[in-house]
Amino acid sequence: MSKNKKKEVVKELNEANLPHNRKEQFFSVIKINWRKLLLLGFFVCLFALPLIGIHFYKDLALYQASLITNQDEMMKTVYSINTFTLIFDFLGIVAIGLGISGALRVIRLLCWEIGVFPLKDYGIGIKLSWLQTIVIYLIVAIIHFLTRFFVISSSVTEIIKFLIIGLELFIFVPVLIYYIYIINIYKCSIFEAIKSAFILYVKSLPLMLVLMILLGLPFFVTFINILIVKYLVLVIYLIFLLPIILLFGFLITSKYFDKFVNAESYPEYYKKGIH
């Protein structure tokens with residue numbers, strides 16, 4: 001076989017191995033860049049330490065409160081612990097938001113087959129979107145604070161509590177998810193990003209709910225009573241699962257960006273990374 005024919009065969013084989021759709025792209029990124037994804041998980045875990053520390057303190061304090069024999073005193077103590085935790089959740093939520101913004105830049109570059117220096121690009125991702133990230137996560141933290149405040153309040157009816165929780169889970173959280181992917185790709189104002197996020201969420205409701213459930217898996221660790229196991233499971237999720245879920249989310253949202261935005265307005269992003 002001549003050298004030219006050999007080159008043509010190698011080229012055809014290489015092209016055959018390239019991703020031709022989002023599903024193939026998902027597995028291709030994992031297969032080729034799994035070490036980088038693990039590193040991203042470790043970075044995000046570091047940014048999550050403030051939030052983990054706050055809730056570790058909460059669990060220990062609630063355990064101590066449960067030993068109080070006086071019922072009224074115990075209830076007051078539990079209320080104080082919950083309020084204290086909610087206030088400091090602001091810092092934890094913003095910190096992990098910044099960590100995720102850095103991870104999303106690296107994931108975008110991996111999907112678009114652009115050379116990546118994980119630590120450098122992680123820092124650039126935080127630097128480029130730090131203001132938008134802080135603002136939106138502060139809003140999220142305030143909404144979360146108000147939701148939890150009303151939930152633990154004895155003066156609010158059960159119907160109102162369910163409505164408030166429903167608004168947070170099925171409106172604010174999905175819009176936030178779309179928002180963080182939008183600011184990772186496009187240059188736009190906070191208002192434009194929120195508006196676009198809401199419209200795209202409505203148009204992609206079923207898949208977005210699946211992504212929301214995957215990102216919400218850490219909340220299930222609250223049912224684990226053994227603290228060491230509880231926080232070990234949380235760290236495993238952050239390092240091993242979260243980067244894969246963020247990758248899945250990037251490809252899912254990219255599908256709808258291509259359909260409703262990129263095809264006409266951003267052709268350079270249309271099906272980028274797919275061959």
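**Figure 1. Cysteines and disulfides.** The predicted model holds 0 disulfides, a disulfide being a pair of cysteine sulfur atoms within 2.5 Å. C188 is in no disulfide; its nearest cysteine sulfur, that of C111, lies 19 Å away. C188 counts as partly exposed because its relative accessibility is 22%. C45 counts as buried, at 9%. Buried means under 20% relative accessible area, exposed over 50%, and partly exposed in between (1.4 Å probe, protein chains only).

Residues are numbered from 1 along each chain as its sequence is written. In this predicted model, local features need pLDDT of at least 70 and side-chain atom pairs count only at pLDDT 80 or more, while totals for chains, interfaces and linings use all residues; side-chain values use heavy atoms, without hydrogens and water.

**Figure 2. Helix α5.** Helix α5 covers residues 158–185, 28 residues in number. Helices are DSSP runs (H or I, at least four residues), numbered from the N terminus. From first C-alpha to last, α5 reaches 40 Å, close to the 40 Å expected at 1.5 Å a residue; the expected span is 1.5 Å times one less than the number of residues. α5 bends by about 30° at E168. The bend is the angle between axes fitted to the seven residues ending there and the seven starting there.

**Figure 3. A nonpolar surface patch.** L167, L169, F170, I171, F172, F198, I199 and V202 make a nonpolar patch of about 690 Å². α5 and α6 (190–203) each give two or more residues to this patch. α5 gives the most, with 5 residues. I171 sits in helix α5. At 31% relative accessibility, I171 counts as partly exposed.

Key
Patches are made of residues with over 30% relative accessible area and no salt bridge: like charges are joined within 9 Å, nonpolar side chains (Val, Leu, Ile, Met, Phe, Trp, Tyr) within 5 Å. Accessible areas come from the Shrake-Rupley method with a 1.4 Å probe; for residues, only the protein chains shown count as cover. A salt bridge is a side-chain nitrogen of Lys or Arg within 4 Å of a carboxyl oxygen of Asp or Glu.
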